[in-house]
Amino acid sequence: MLAEVLFGWSPAIWALAALATLAAAVVRGLTGFGFAMIVIAALVLFEAPVAVIPMVLLLDLAASVHLVPSLRHDINRPLLTPLVIGALLGVPLGVAVLTHLPVDAMRLTIGVAVLVAVVTLANGVRAPCLPGRGLSAAVGAMAGFLSGSIGMPGPAVIVFFLASPLSVAAVRASIAAFIFMTDVLTLALMLWSGLITEIVLLRAAVLAPAVVLGIVIGQRAFQRIDPEMVRHVALVVLALLAVGAIARVLVS
C-alpha cells in the first residue's frame, strides 16, 4: 500500500486517524478544546507517543489558526496573560521529559483528576470571581508541562476556565487562544529537540483537510446551540475522555 510504504501506517490506521481527527476537530470547533486529547487517545494504541504527539500538535495548531481569529473579540486577555506566562515555564520542562515520562501513569492520574473535576463542575460549583494572577500562572505552568510532555494542555486549563464566572463565549475563546499559544511554544521546542521529523510533517499534511472540515462543522453547530448546552457538552466530553484514558491504561 502506498500510504503504508510512505508513512508507515496501514490503511486501517489511516482510517482510524482520519476519523479521530475529524471528530476531534468538530469537538474543537464546538467547545474550543478537546482535539489533542481525542486524537492522541486514539493513535497511541498503534504508535509511540513520541511520534504521535508532535503530529497531533501540528494539527491542533492548524485548527487554532482556523478557529482563533473568529473568536478574538471574546478572549479574556487579563486572565490569559498570567496563564501564558506560567506556560512559558511549564512547556520546556514537559518537552525535556517527553521521551522518559511514564505516559500511562500520567494519563491515569489525569483521568481520575478530570473525573473529579467534572463531578464538581456538574454540581454547579463556580468561582464567585476571577482567579488571581498567582493561581492563573500556576495553572498555566501545569498546562504547559502537560502540553510538552503528553501533548494535552487541556485538563488543567479547561477545568480552570469552566469553573470561572466567564460567559460561555469567553471561556471557549480563551481556551482556544491558550491552546494556540502553548502549541506554538511546544512545537518550537520540539523542533529544536529534533522531535518533528519528516514523517511527522507528512502525516500531519495528509490529515489537515479533516481538521479544516471538522472545525467548520463545529463552528456552525456552536452558532445554533444554546450557550448553556455548550457547557454541558464540554463536561460530557471531559468525562468521556477521562473514562477512555483510564480504561485504556487498565486494559494495557
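Predicted model: local features only at pLDDT ≥ 70, side-chain atom pairs only at ≥ 80, totals over all residues.
## A glutamate in a loop

Glu 47 is partly exposed, with 22% relative accessible area.

What does Glu 47 pair with? Its salt-bridge partner is Arg 203, and the closest N and O atoms of the two sit 2.9 Å apart. Glu 47 comes from the loop between α3 (35-43) and α4, while Arg 203 belongs to helix α10 (residues 198-224), so this pair ties together parts of the chain that are 156 residues apart in sequence. Is Arg 203 buried or exposed? Arg 203 counts as buried, because its relative accessibility is 4%.

## The other salt bridge

How many salt bridges does a search of the whole structure find? The count is 2. Besides Glu 47 with Arg 203, there is Arg 28 with Asp 60, where the closest N and O atoms are 2.5 Å apart. Here helix α2 (residues 11-31) supplies Arg 28 and helix α4 (residues 49-71) supplies Asp 60, so the pair ties together parts 32 residues apart in sequence.

Now for how covered these two side chains are. Arg 28 has 0% relative accessibility, so it counts as buried. Asp 60 is buried as well, with a relative accessible area of 2%. As a bit of background, side chains of opposite charge can pair when their charged atoms come close.

## A serine between two helices

Next up is Ser 164, which sits in the loop between α8 (154-162) and α9 (168-192). With a relative accessible area of 1%, Ser 164 is buried.

What does the Ser 164 side chain reach? It gets to the backbone oxygen of Phe 161, at 2.6 Å. That falls within the 3.5 Å limit for a polar contact.

Which helix gives the most to it? That would be helix α6 (residues 103-122), with 3 residues.

At 43% relative accessibility, Val 112 counts as partly exposed.

Technical notes
Residues numbered from 1 in each chain as written. Heavy atoms only, no water. Helix = DSSP H or I, 4+ residues; strand = E, 2+ residues; numbered from the N terminus. Buried < 20%, exposed > 50% of the residue type's maximum accessible area, 1.4 Å probe, protein only. Salt bridge = Lys/Arg side-chain N within 4 Å of Asp/Glu carboxyl O. Polar contact = N/O pair within 3.5 Å; in protein donor to acceptor, adjacent residues only side chain to side chain.
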